[in-house]
Amino acid sequence: MNLQDLGWSDQLQSEFEPHAAAGLVPARVAVEHRGAYVVYAEAGEQRAEAAPKLRSAASGRADFPAVGDWVAVADGFVHAILPRRTKFSRKAAFTEADEQVVAANVGVVFLVTALGRDFSVRRLERYLVTAWESGAEPVVVLNKCDLDDDVEARIREAEAVAFGVPVHPASAVTGDGVETLRGHLGRGRTGALLGSSGVGKSTLVNRLAGRELLATAELRADGRGRHTTTHRELVLLPGGGLVLDTPGMRELQLWESSDGVGEAFADVESLAARCRFSDCAHRSEPGCAINAALRSGELDRGRYASYEKLRRELHWLDIRLDKGARSEARKQWRSVTRANRARAKARRRR
């Protein structure tokens with residue numbers, strides 16, 4: 001198995017030198033199964049688990065390997081995780097405040113939503129926030145376009161909330177639009193498919209791979225998809241590139257995403273910057289640009305309500321977190337994600 005096909009680079013090689021000196025070999029996490037992992041290494045597919053030292057040093061779920069991570073392995077154990085270039089995180093379910101890394105070292109995030117009864121721009125806004133925060137390049141995929149009578153209208157609705165983000169209609173069933181998605185990948189570049197249950201992510205992976213790799217299910221009687229993926233899996237595509245399929249998320253709870261909110265709602269924050277007072281609460285203050293835009297129709301009321309809801313959610317998350325303990329790590333991560341976003345925007349301008 002060629003490491004370059006998996007995304008290995010000269011920078012990763014340099015970072016790995018201390019681990020190589022200790023007799024460890026590089027590998028990439030392909031599958032996670034409740035603390036056990038399938039990793040891809042130069043010698044082929046291997047099974048591994050977190051080494052006792054790595055396990056004892058972990059302070060939370062984010063300190064364990066995630067699918068997409070580059071790791072140092074030996075004798076069936078993962079001994080170290082290389083620094084992540086990007087990470088798609090959410091608040092772990094049923095926890096007070098714990099980060100769950102859904103995917104790591106992803107170059108492009110395909111935000112998959114199905115047309116039809118389940119299409120929601122409010123849900124898309126939430127995914128866009130987390131995608132921008134990840135540091136990866138977001139791409140919106142409107143799947144099941146064969147089931148919608150007015151695809152162009154849905155594209156306009158998505159573009160109205162996904163400023164500067166490519167929006168591609170596709171059909172995993174007919175194959176329409178799949179080659180366009182393939183154009184975002186290439187040798188060593190990883191794409192992650194993220195979206196709710198039943199939107200057709202696994203069927204899209206099978207289309208990209210050119211064969212049935214992942215289990216899929218027929219539509220329900222009401223036209224909605226069925227949940228089939230139960231774990232995250234990294235798939236190496238025959239034409240170059242990798243895709244990471246993820247289980248459908250019934251609820252995407254935000255993790256620290258203030259930068260992502262600023263990117264996803266740049267129009268709202270640009271209006272807020274025009275308010276007369278810098279501490280304007282956008283209630284009844286004179287000279288409030290937000291209220292003026294709401295009255296004139298320049299700003300959609302549903303979009304502003306979504307922005308406020310996400311900001312409240314992040315505010316309560318901030319209260320739960322120990323901000324002092326995380327501040328330095330947060331500054332470092334912001335510099336990485338901002339550099340990644342700048343590169344993504346430069347690619348779109350070319």
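The entries below go from ground rules to strands, helices, cores and charged pairs.

**Ground rules.** I am working with a predicted model, where local features need pLDDT of at least 70, side-chain atom pairs count only at pLDDT 80 or more, and totals for chains, interfaces and linings use all residues. Residues are numbered from 1 along each chain as its sequence is written, and side-chain values use heavy atoms, with hydrogens and water left out.

**Strand 6.** Five of its five residues are buried (under 20% relative accessible area; exposed is over 50%, partly exposed in between, with a 1.4 Å probe and protein chains only). In a regular strand the side chains alternate between the two faces of the sheet. I checked each side here: Lys-87, Ser-89 and Lys-91 are buried on one, Phe-88 and Arg-90 on the other. Strand 7 (residues 99–104) runs antiparallel to strand 6, and five bridges join them (DSSP must find at least two bridges for strands to pair). Phe-88 has Ala-103 as its bridge partner in strand 7.

**Helix 4.** Which residues of helix 4 (residues 151–159) are buried? I noted Val-151, Ala-153, Arg-154, Ile-155 and Ala-158. They pack against helix 3 (121–134), strand 9 (137–143) and strand 10 (167–169), contact being heavy atoms within 4.5 Å.

**Helix 6.** Helix 6 (residues 201–209) has seven of its nine residues buried, so the rest of the structure largely encloses it. Among the buried ones I listed Leu-204, Val-205 and Asn-206. Their cover includes strand 8 (108–114), helix 5 (178–182) and strand 12 (233–236). Just after the helix, I found Gly-210 with a positive phi of about 80°.

**Cores.** The largest nonpolar core has 75 residues, and those touching the most other members are Leu-111, Leu-128, Val-140, Leu-142, Phe-265, Ile-290 and Leu-299. A core here is a set of buried Ala, Val, Leu, Ile, Met, Phe, Trp, Tyr and Cys residues joined through side-chain atoms within 4.5 Å. Helix 3 gives this core its largest share, seven residues. I followed Leu-128: leaving aside residues up to four places away in sequence, its contacts include Leu-111, Pro-138, Val-140 and Ala-264. Another core, of 20 residues, lies apart from the largest one and has Val-108, Leu-185, Leu-193 and Leu-237 among its members.

**Salt bridges.** How many salt bridges does the structure hold? The count is 12, each a side-chain nitrogen of Lys or Arg within 4 Å of a carboxyl oxygen of Asp or Glu.

- Asp-5 pairs with Arg-187, the closest N and O atoms being 2.6 Å apart. Asp-5 lies in the segment before helix 1 (10–21) and Arg-187 in the loop between helix 5 and strand 11, so the pair ties together parts 182 residues apart in sequence. Asp-5 is partly exposed at 26% relative accessible area, and Arg-187 is exposed at 55%.
- Arg-84 pairs with Asp-69 at 2.8 Å between the closest N and O atoms, and both are buried.
- Glu-125 pairs with Arg-122, again with a closest N and O distance of 2.8 Å. Both sit in helix 3, three residues apart, about one turn. Glu-125 is buried at 1% relative accessible area, while Arg-122 is partly exposed at 31%. I also found Arg-122 and Glu-125 linked with Asp-267 and Arg-303 in a network of salt bridges.

Technical notes:
Helices (H or I, at least four residues) and strands (E, at least two) are DSSP runs, numbered from the N terminus.
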